[in-house]
Amino acid sequence: MIPAPGEARGSNRGGGCVGWFSQEALNEGVRKREVFGWAMYDFANSGYTTVVLTAVFNAYFVGVVAGNASWATLAWTAALGLSSVIVMLSMPALGAYADLRAAKKRLLAWTTAACVLATLALAWAGEGDVAWAVAAIVLSNVFYSYGESLTAAFLPELARREAMGRVSGWGWSFGYFGGMLSLGLSLGYVLWAQSRGLPATQFVPVTMLITAGVYGVASLATFALLRERAQPQVQAEAAQAAGAAGGGLGESLRRLRDTWRHAQLYQDFRLLLACATAYQAGIAVVIALAAVYAEQVLGFKQTETMLLVFLVNIASAVGAFAFGYFQDRIGHKRALGITLAGWIVMTLLAFMAQGPALFWVAAVIAGLCMGSSQSAGRAIAGLFAPPQRLAEFYGLWTFAVRLAAILGPVTYGLVTWVTAGNHRVAILSTALFFVVGLLLLRPVDVARGMQAAGSAVAE
């Protein structure tokens with residue numbers, strides 16, 4: 001994310017990044033190595049968003065696969081939108097099934113394998129292979145989103161409530177280093193290939209292989225170290241959830257309706273979902289279209305775009321890690337509001353940029369806000385979710401994020417289409433999503449939301 005990383009746990013012993021994790025921040029019985037294993041999933045899957053969605057394949061799709069056609073940007077955003085619709089309709093049922101069957105880890109393994117395979121399929125997309133590329137990007141993004149939601153549902157099991165922000169920040173921060181690893185290896189290969197005069201149709205597919213390989217190998221640490229702490233719930237309910245998960249669109253919609261009915265008992269969770277839909281729409285634009293904007297408006301080359309995204313990942317790692325502590329200290333709501341204000345500044349700078357210098361400044365601000373805003377939102381969602389419905393409520397959180405992934409990029413694509421390719425107007429329109437997010441954040445009451453989730457435990 002720019003992708004979006006996972007969470008963290010770990011053992012009482014261990015060097016390196018495990019030293020980031022303070023035992024006092026973890027729930028009783030949680031070892032630091034579990035947090036490390038959890039964070040490794042963020043490390044693993046960040047390469048997908050960084051290389052595929054943000055730095056390489058998006059611009060490759062528009063410029064090479066779709067041949068820079070007038071509809072190319074809209075086609076890319078429509079593909080992402082379709083994947084989001086699929087996730088929106090199916091994730092609540094999948095989350096309910098994971099809760100009732102205590103199957104988060106098992107489902108995470110299946111979705112990870114599917115995403116890795118679909119990412120490998122992107123390597124076979126060349127000039128004119130629009131249908132193949134769209135199918136592979138839809139499938140890979142669907143399974144990536146499933147994994148992102150399932151791994152997020154482990155967070156409240158691992159972190160104490162008062163430390164939710166910093167533990168979430170540990171995971172997001174560590175995840176960006178995974179994105180930088182995939183991007184760094186890809187950038188190294190691209191530079192080597194370009195020095196030998198190889199075209200993008202030869203070196204971009206290799207970056208997809210690199211990304212899929214890092215994702216698959218790094219995620220093995222998660223499955224080796226992270227425990228499934230949940231216990232299966234009532235068998236009748238489990239059978240019902242199994243039917244919902246496997247019963248097609250109708251059952252998925254029924255489960256979504258039931259989950260939303262539960263969420264209506266939690267006023268602040270609903271308000272948070274509305275706020276997240278708005279600001280995540282803006283973030284989705286940056287993730288999906290930053291490279292397209294840089295190349296189409298400012299004339300960035302492939303290597304320059306990759307270096308830009310690399311810098312953004314460094315800023316994101318710093319922002320997520322530092323801001324997690326800041327968030328726990330000043331309050332989750334205030335911290336999220338500060339990051340949304342930063343996003344507004346970023347979009348205005350990108351709009352005004354006439355050359356690389358100001359755009360690089362905007363990119364650094366985007367990086368600092370990226371990890372911190374997504375980490376803050378995920379942490380607040382964990383505070384507002386009843387413990388017995390973690391995966392189900394994170395399924396609704398994913399619904400909101402996926403809805404945002406439709407609204408943001410598709411709006412951007414439509415604006416470029418209507419304005420005959422004016423990306424400046426499109427990026428300026430993105431600022432409105434962050435403004436709306438700020439306005440929707442105002443009525444959220446964190447203490448009231450936590451109290452409602454706690455009351456559900458007592459019932």
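**Aromatic pairs and buried helical residues**

Trp192, at 39% relative accessibility, counts as partly exposed in this predicted model. Tyr189 is likewise partly exposed, with a relative accessible area of 24%. Both residues belong to helix H7, which covers residues 164–195, and they are three residues apart, or about one turn of the helix. In an α-helix there are 3.6 residues a turn, so residues three or four places apart point the same way. Ser186 also lies in helix H7 but, at 0% relative accessibility, counts as buried. Apart from neighbours within four places in sequence, Ser186 is in contact with Val51, Thr207, Ile210, Thr211 and Met306.

The protein chain as a whole contains 17 helices and zero strands. Of its 459 residues, 59% are buried, and its accessible surface comes to about 16,300 Å², with carbon and sulfur atoms accounting for 65% of that area. Helix H14, formed by residues 356–384, has 29 residues and reaches 42 Å from its first C-alpha to its last, close to the 42 Å expected at 1.5 Å a residue. Because 21 of the 29 residues of H14 are buried, this helix is largely enclosed by the rest of the structure.

The side chain of Ser140 reaches the backbone oxygen of Ile137 at a distance of 3.1 Å. When residues up to four places away in sequence are not counted, Ser140 touches Tyr48, Cys115, Ala118, Thr119 and Leu122.

Aromatic rings were taken to pair when their centres lie within 6.5 Å, and by this rule the count comes to twelve aromatic pairs. As for accessibility, Tyr41 counts as buried at 0%, whereas Phe223 is partly exposed, with a relative accessible area of 21%. In the pair formed by Tyr189 and Trp192, the ring centres are 5.6 Å apart and the planes stand at 35°, so this pair is tilted. Phe57, Tyr60, Phe61 and Trp76 form one aromatic cluster. A charged group is also found over an aromatic ring, in that the charged end of Lys104 sits over the ring of Phe154, 4.8 Å from the centre of that ring.

The backbone of Asn68 has a phi near 60°, a positive value in a residue other than glycine. Most residues other than glycine have a negative phi. Asn68 is found in the loop between helix H2 (57–65) and helix H3 (72–101), and with a relative accessible area of 46% this residue is partly exposed.

Terms used: Residues are numbered from 1 along each chain as its sequence is written. This is a predicted model: local features need pLDDT of at least 70, side-chain atom pairs count only at pLDDT 80 or more; totals for chains, interfaces and linings use all residues. Side-chain values use heavy atoms; hydrogens and water are left out. A polar contact is a pair of N or O atoms within 3.5 Å; within protein, one must be able to donate a hydrogen and the other to accept it, and residues adjacent in sequence count only if both atoms are side-chain atoms. Contact means heavy atoms within 4.5 Å. Helices (H or I, at least four residues) and strands (E, at least two) are DSSP runs, numbered from the N terminus. The expected span of a helix is 1.5 Å times one less than its number of residues. Buried means under 20% relative accessible area, exposed over 50%, partly exposed in between (1.4 Å probe, protein chains only). Accessible areas come from the Shrake-Rupley method with a 1.4 Å probe; for residues, only the protein chains shown count as cover. Rings of Phe, Tyr and Trp (its six-membered ring) pair if their centres lie within 6.5 Å; planes under 30 degrees apart count as stacked, over 60 as edge-to-face and the rest as tilted. A charge sits over a ring if NZ of Lys or CZ of Arg is within 6 Å of the ring centre and within 35 degrees of the ring normal.
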